[in-house]
Amino acid sequence: MDFNRTVLVTGGSGFIGSHLVCSLVSSHPDWRIINLDNLDYCHSPRSLESIENRNNYTFIRGDVCNSRLVNHIFSTENIDAVFHLAAKTHVESSFESSSSFQRVNVDGTRVLLDAAHCARRRPQRFIYVSSDEVYGGSRGEVFDESSPLRPTNPYAVTKAAAEHLVRSYWDKYQFPVIITRSNNIYGPRQYTEKVIPRFLTLLQKNKKCTIQGTLPVSRHFLFVSDAVNAFLLVLERGAVGETYNVGTSFEIPIVQLAQELVRTNVPESEVSDWLEFVPNRPRVDLRYPIRCEKLQQLGWRADVSWAEGIRQTVKWYQDNQDFWSNTKPYSCW
């Protein structure tokens with residue numbers, strides 16, 4: 001079968017990547033979707049069971065740091081667009097193993113950029129999915145795309161470094177890159193080290209929600225389908241060489257988040273009994289507020305409310321308690 005477009009997604013078996021791949025495969029039967037993923041601990045092939053037998057879907061198990069493999073993909077496939085999501089993302093782990101974050105998040109991005117730039121048929125878009133954490137914690141300001149990058153943890157440092165690499169290919173070669181920076185994305189199939197599924201998994205095991213420190217930490221949460229819609233819009237309408245914030249106005253303190261999830265399991269009078277405060281990690285930013293007017297000018301809006309998104313998420317974890325059964329949730333948010 002001849003396809004009108006070939007899209008490579010790295011990290012397509014991960015949480016966000018799998019939702020993006022499923023959307024692409026289902027919405028565009030005339031596109032070929034290639035998923036390059038090494039099936040790391042937080043990625044599951046079960047996330048893609050609904051589309052794994054589709055004619056327009058191809059899975060390649062491999063590492064983005066493997067230059068021989070990545071070069072082979074670009075030399076044998078006519079890649080029209082790249083969504084680069086493959087990354088290590090757990091902030092606390094980045095303090096313990098910063099070199100592995102450097103390897104995957106920075107070196108892997110370089111390998112992919114080199115192969116894409118040197119390909120016989122150069123991709124028309126290279127979309128790098130970054131994070132709001134590259135801005136560092138807010139000192140009262142709301143970040144737009146021109147705000148300085150002040151990352152404060154090893155994970156965020158590697159994402160900022162990778163952004164600079166991506167930007168350099170635009171500056172030197174006019175390679176058609178686009179960068180996105182998103183708030184915390186949540187929804188079904190997210191691995192249990194992230195705060196919402198971690199709280200839910202602990203509660204399912206009749207364990208308390210553990211909260212690091214007593215500082216007033218809050219986060220903005222964006223439902224995964226809204227994030228996917230933003231990435232797809234950027235593919236079609238985004239300007240090359242530009243950066244787009246992808247976020248939401250909904251912000252919730254982590255303590256309040258834990259209380260809300262506990263209330264789904266126990267009476268109000270018992271909520272405080274299910275919260276446990278533990279020592280903080282080496283560095284924590286209080287909040288990451290971002291402006292998204294630039295993306296909204298392209299026509300994007302977040303459609304899923306917090307109430308609906310968290311309802312869908314809680315129900316999925318209730319119905320799929322064995323999905324991550326072979327893994328152990330981190331003890332702290």
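**Domain 1 against domain 2**

Me: How many residue pairs are in polar contact across the interface of domain 1 and domain 2?
Reply: Four, with both residues at pLDDT 80 or more. A polar contact pairs N or O atoms within 3.5 Å, one able to donate a hydrogen and the other to accept it, and sequence-adjacent residues count only through side-chain atoms on both sides.

Me: What kind of model is this?
Reply: A predicted one: local features need pLDDT of at least 70, side-chain atom pairs 80 or more, while totals for chains, interfaces and linings use all residues. Numbering starts from 1 along each chain as its sequence is written, and side-chain values use heavy atoms, without hydrogens or water.

Me: Where are the domains?
Reply: Domain 1 covers 5-186 + 222-246, and domain 2 covers 195-219 + 250-287 + 308-319. Their centres, taken over C-alpha atoms, are 28 Å apart.

Me: How many residues are in contact?
Reply: Domain 1 brings 10 residues and domain 2 brings 12, contact being heavy atoms within 4.5 Å.

Me: And what area is buried between them?
Reply: About 1000 Å² (accessible area lost, 1.4 Å probe, summed over both parts). Carbon and sulfur atoms give 57% of that area.

Me: Which elements of domain 1 touch domain 2?
Reply: α3 (91-96) and β7 (184-186) each supply at least two residues of that side. The largest share, three residues, comes from α3.

Me: Changing topic, what is I196 in contact with?
Reply: Leaving aside neighbours within four places in sequence, I196 contacts Y186, F221, L257, L261, W306, I310 and T313.

Technical notes:
Domain bounds come from an automatic or database domain assignment. Buried area is the accessible area (1.4 Å probe) that two parts lose on being put together, summed over both. Helices (H or I, at least four residues) and strands (E, at least two) are DSSP runs, numbered from the N terminus.
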